[in-house]
Every structure is written in structure tokens, then in C-alpha cells.
Amino acid sequence: MTVMSIARFERFFRAAAGLDVDKNDLKRYSDFVDTKLYDLLTVAQATAKANGRDIIRACDLPITKGLQESIHHFQKIDQEVELKPILEQLSTHPALDRTPDEDTEATYPDIIGGLSVALARSFKILQPDLKNPRTQHWDQARAVFDLLV
């Protein structure tokens, strides 16, 4: 990730939850995003299969009310931070039994952004006074997401 991307990443987490993250957090963040997008796509794939389709549509993705609200919040933050172009680079996924259509793939940056807002806010819910997340904070937040997503 470029220096400019790191700066945007840092600004995003400050805007989303008042957190100070650094380039050392990027690997954890990237792993989180990859895993959660894949988890959502795995469920979407099962939905598409149950509906007799060979493609995954956006409506197959299990977007909850809370994630939808986080997506909207991300879109507001992104007008200022302009992180979406960077998230487009992170929105790759491994091969699936069902192929997502173009409209579905176009939603990935916003979904990743929504997951990112939810992640940032979860740090503050778990540790209200937290300013700089450490490994244990990432592990706690990830454990919560693993239960729900």
C-alpha cells in the first residue's frame, strides 16, 4: 500500500471512531476485510444456489440493518477521506462455485467500507477509552465479527 493510501487509512479510522491506527495495522485490517467479504460471499453463494441461479446477485448478500447503516456512514465519511478507490483494490475474492455478477462486484467497496466502519466502532464499544488498537483489541473485535458475520 502506498504512503498516500496509509494516510487515508489513518484518516478514515480517526473519522470513523477517533482511533489512531498505523501502517502496522494494515495487515490485520486487510486480513479482516478479506475474511469477512469471503464470509458474506459464501452465504450469498448458498442463497444463489438455493434459488437455482448460477450467479450471485447483490440481493443474495446477507446485509443486515446494522451493516447497511455502516455502509451509509462509510459513504458520508468517504466523501471526505476518499478511501473507496483503495478499497476497490482490496475487494478481490477467491474463486467460488457461483460467480458474482458485475452489479454485485460493484458493491464490494461500499460493503468493505461498511465493515470497516463497523470494525472501527466495535473497538470503541469493546474499549471505550481506546485510542490505538493493539493485537488483543483486533483479536477481540474479530471474534465478535466471527460470531455475527
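Helix 2 (26-50) and helix 5 (102-126) are among the elements that cover the buried residues of helix 6, where helices are DSSP runs of H or I with at least four residues, numbered from the N terminus. Covering here rests on contact, meaning heavy atoms within 4.5 Å. Before we go on, please keep in mind that this is a predicted model, in which local features need pLDDT of at least 70 and side-chain atom pairs count only at pLDDT 80 or more, while totals for chains, interfaces and linings use all residues. Residues are numbered from 1 along each chain as its sequence is written, and side-chain values use heavy atoms, with hydrogens and water left out.

Let us stay with helix 6 for a moment. Helix 6 spans residues 135-148, has 14 residues and reaches 20 Å from its first C-alpha to its last, close to the 20 Å expected; the expected span is 1.5 Å times one less than the number of residues. Which residues of helix 6 are buried? They are His137, Trp138, Ala141 and Phe145, with buried meaning under 20% relative accessible area, exposed over 50% and partly exposed in between (1.4 Å probe, protein chains only). These residues cover an arc of only 100° around the axis, so they lie on the same side of helix 6; the arc is that of the directions from the helix axis to the C-beta atoms.

Phe145 sits in helix 6 and counts as buried because its relative accessible area is 7%. Leaving aside neighbours within four places in sequence, Phe145 is in contact with Phe32, Lys36, Leu115, Ala118, Leu119 and Ser122. Phe145 and Phe32 are 113 residues apart in sequence, yet 9.3 Å apart in space, C-alpha to C-alpha.

The axes of helix 2 and helix 6 come within 11 Å and cross at roughly 5°; axes are lines fitted to C-alpha atoms, for helices over the stretch in contact, and angles run from 0 to 180 degrees between N-to-C directions. Helix 2 is therefore roughly parallel to helix 6 (under 35 degrees is roughly parallel, over 145 roughly antiparallel, 65 to 115 roughly perpendicular and the rest oblique). In this contact, Arg28, Tyr29, Asp31, Phe32, Thr35 and Lys36 of helix 2 meet Thr135, Trp138, Arg142, Phe145 and Asp146 of helix 6. The residues divide into four nonpolar, two polar and five charged, with Ala, Val, Leu, Ile, Met, Phe, Trp, Tyr, Cys and Pro as nonpolar, Asp, Glu, Lys and Arg as charged, and the others, Gly among them, as polar.

Elsewhere in helix 2, Ala50 is exposed, with a relative accessible area of 70%. Just after helix 2, Gly52 takes a positive phi of about 75°.

Helix 5 also has a partner in helix 3 (residues 65-81): their axes come within 7 Å and cross at roughly 100°. The two helices are therefore roughly perpendicular to each other. By class, this contact has nine nonpolar, five polar and two charged residues. Ser70, in helix 3, counts as buried at 7% relative accessibility. Not counting residues up to four places away in sequence, Ser70 touches Gly114, Val117 and Ala118.
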